[in-house]
Amino acid sequence: MTSLIERLTQYASYHRDRRNIATHFVGIPVIVVATEALLARPSVLVGGLAVSPALVAAIAAAGFYLGLDRRYGATMAALLAAAFYGGVRIAAQPTGTWLFTSGALFAGGWIVQFVGHAFEGRKPAFVDDLAGLLVGPLFVVAEAGFALGLRDDVRRAIERGAAPAGTVTPTRPSPASR
């Protein structure tokens, strides 16, 4: 089983440019809410509870995060609950509004992500490992915590494997090598 440090270090190795990290603070939460909104519309009643793919995805993701780390997992579960709530609110709108809002948020979030990776000069982590789609939101939470001085042991362990943020130059080919 891959550990919290291994997952975050692998993801961080694709995200050392501070501008790219900053774009993730916008793009990833927007993508998560948009995904919840898109998955919230189809639902079935199970014992009086509306069960949708959004609810199943949020619970499964929370389980993934809790399996990596209890503190991060609890934080992620709370944030996923908020994203689920926001997604359900968007999905409750008329069909056209729901689709336009969800689609615009989803596309906008990805545009922000790809702008960040243009700064980085590197492809997104999920291209090489689909788990990066789940690790991305955790990375944002971890980076926010590091900025607040939390979990310094985790930050140091990640930096040993991926270098401190802002210290690695993009991996673009030089003009001479083209």
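**Ground rules.** I'm working with a predicted model, where local features need pLDDT of at least 70, side-chain atom pairs count only at pLDDT 80 or more, and totals for chains, interfaces and linings use all residues. Residues are numbered from 1 along each chain as its sequence is written, and side-chain values use heavy atoms, with hydrogens and water left out.

**Confidence.** I checked pLDDT, the predictor's confidence in each residue from 0 to 100. The average for the protein is 88, and 91% of the residues score at least 70. Residues 169–178 fall below 50, though this stretch still has ten contacts in the model beyond near neighbours in sequence. A contact here is heavy atoms within 4.5 Å.

**Overall layout.** I found seven helices and two strands. From the N terminus, the order is α-α-β-β-α-α-α-α-α. These are DSSP runs numbered from the N terminus: helices are H or I with at least four residues, strands are E with at least two. The C-alpha trace spans about 60 × 40 × 30 Å along its principal axes. Of the contacts between residues at least 6 apart in sequence, 76% join residues at least 24 apart.

**Inside.** Next I looked up burial, and 38% of the 178 residues are buried. Buried is under 20% relative accessible area, exposed is over 50%, and partly exposed is in between (1.4 Å probe, protein chains only).

**A closer look at Ser52.** Where does Ser52 sit? I found Ser52 in the loop between strand E2 (49–51) and helix H3 (53–68). Ser52 has 4% relative accessibility, so it counts as buried. Leaving aside neighbours within four places in sequence, Ser52 touches Leu39, Ala40, Pro42, Ser43 and Phe84. Leu39 is 13 residues from Ser52 along the chain, and their C-alpha atoms are separated by 6.8 Å.
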